[in-house]
Amino acid sequence: NLIMRIAVMQPYFAPYLGYFRLVSEVDIFVYFDNAQMTKRSWITRNKFIPCPKNNLITLEQARNSVVLSIPITKISQSKLISEQDHALSDQFVDKTKRRLISWYPKSSKAYKVFIDHFFEPFHETSSLLCALERQIKLLSDFMNIKSPKYLRASEIISRHYGEQAMTIDAQEYIIKICKELGAQEYINLPGGRDIYKQSVFNANQIKLSFLDFSQDIGQAPMMSALHYAAIDNNLCKVLMNDFWSLSHG
């Protein structure tokens, strides 16, 4: 029997390659859109190295990376990701496109064309969630990564107890989503080890797996995936497979 695998993650701006390795591993990728919006999260920013000399980056080079942030409207304490609007002006988009091309002078013509399309979602909608969803799909396609079915957590099951305002904690909510979708395996990135417990998933008959670093983290490709796509989009899948491996428990 085929095992249905899912992942649940917040949407990020041009996320790192580990995120896309996770996308490629699952049958359904769920955007955790009803999580609280927080300031200075990776939802709205990522790291780049202008004019890179090689594909992999030392820790010293990583410390000198440039953080590219996209502007959003004011965050209130109770605002969810799904309720957040971006604040990208035409001027900001044009300036950012120029930066992303000038930072990678040896990039291909295909990359330059891609950058032009990469920001179209922000012209099409004011919703941060909608724009990021479309951007992730565009970048995934550019890197030739298999796309799963994409869903939003809020469309699958509520994160509240009945009519009460009490929010279900992340682990319990993930398990509810797995059961609602009929998933037998839940896969998460390394940071999830601090949140999700094998014993709890076992008790609910769901396999818990993680994508761990399979090589030295000091050389791991931790910049935005867009950084590596600019160098060589065919390189992205190689790095994804070389630096992350699936482990259970």
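Two strands are taken to pair if DSSP finds at least two bridges between them. The legends below describe close-up views of a predicted model.

**Figure 1. The open sheet is formed by six strands.** Their order is S5-S2-S1-S6-S7-S8, and the pairing is mixed. The edge strands are S5 (149-152) and S8 (244-248), each of which pairs on one side only. From one strand to the next, the twist averages 30°. Strands of a sheet pair through backbone hydrogen bonds, in either a parallel or an antiparallel arrangement.

**Figure 2. Strands S1 and S6 pair in the parallel sense.** Strand S1 comprises residues 5-9, and its pairing with S6 extends over two bridges. Isoleucine 6 stands opposite tyrosine 186, a residue of S6. Tyrosine 186 has a relative accessible area of 0% and is therefore buried, the limit for this class being under 20%.

**Figure 3. Helices H1 and H8 lie across strands of the sheet.** Helix H1 (residues 17-25) lies across S1, strand S2 (28-31), S5, S6, strand S7 (207-213) and S8. The direction of helix H1 is at about 55° to S8. Helix H8 (residues 170-181) lies across S1, S2, S5 and S6, and runs at about 140° to S1.

**Figure 4. Tyrosine 104 and tyrosine 111 form an edge-to-face pair.** The structure holds 19 aromatic pairs. In the pair of tyrosine 104 and tyrosine 111, the ring centres are 6.2 Å apart and the planes meet at 75°, so the pair is edge-to-face; an angle over 60 degrees defines this class. Both tyrosine 104 and tyrosine 111 are buried.

**Figure 5. Tyrosine 186 and phenylalanine 201 form a stacked pair.** Their ring centres lie 5.8 Å apart with the planes at 10°, so the pair is stacked; planes under 30 degrees apart fall in this class. Tyrosine 186 belongs to strand S6 (residues 185-188) and phenylalanine 201 to helix H9 (residues 198-203), so the pair ties together parts that are 15 residues apart in sequence. Phenylalanine 201 counts as buried, at 0% relative accessibility, and tyrosine 186 is likewise buried.

**Figure 6. Ring pairs link six named residues into an aromatic cluster.** The cluster contains Tyr12, Tyr19, Phe20, Phe29, Tyr31 and Tyr150.

**Figure 7. The charged end of arginine 45 sits over the ring of tryptophan 42.** The charged end of arginine 45 is 4.3 Å from the centre of the tryptophan 42 ring.

Definitions and conventions
Residues numbered from 1 in each chain as written. Predicted model: local features only at pLDDT ≥ 70, side-chain atom pairs only at ≥ 80, totals over all residues. Heavy atoms only, no water. Phe/Tyr/Trp six-rings, centres within 6.5 Å; stacked < 30°, edge-to-face > 60°. Buried < 20%, exposed > 50% of the residue type's maximum accessible area, 1.4 Å probe, protein only. Helix = DSSP H or I, 4+ residues; strand = E, 2+ residues; numbered from the N terminus. Lys NZ or Arg CZ within 6 Å of the ring centre and 35° of its normal. Axes fitted to C-alpha atoms, helices over the stretch in contact; angles between N-to-C directions. Contact = heavy atoms within 4.5 Å.
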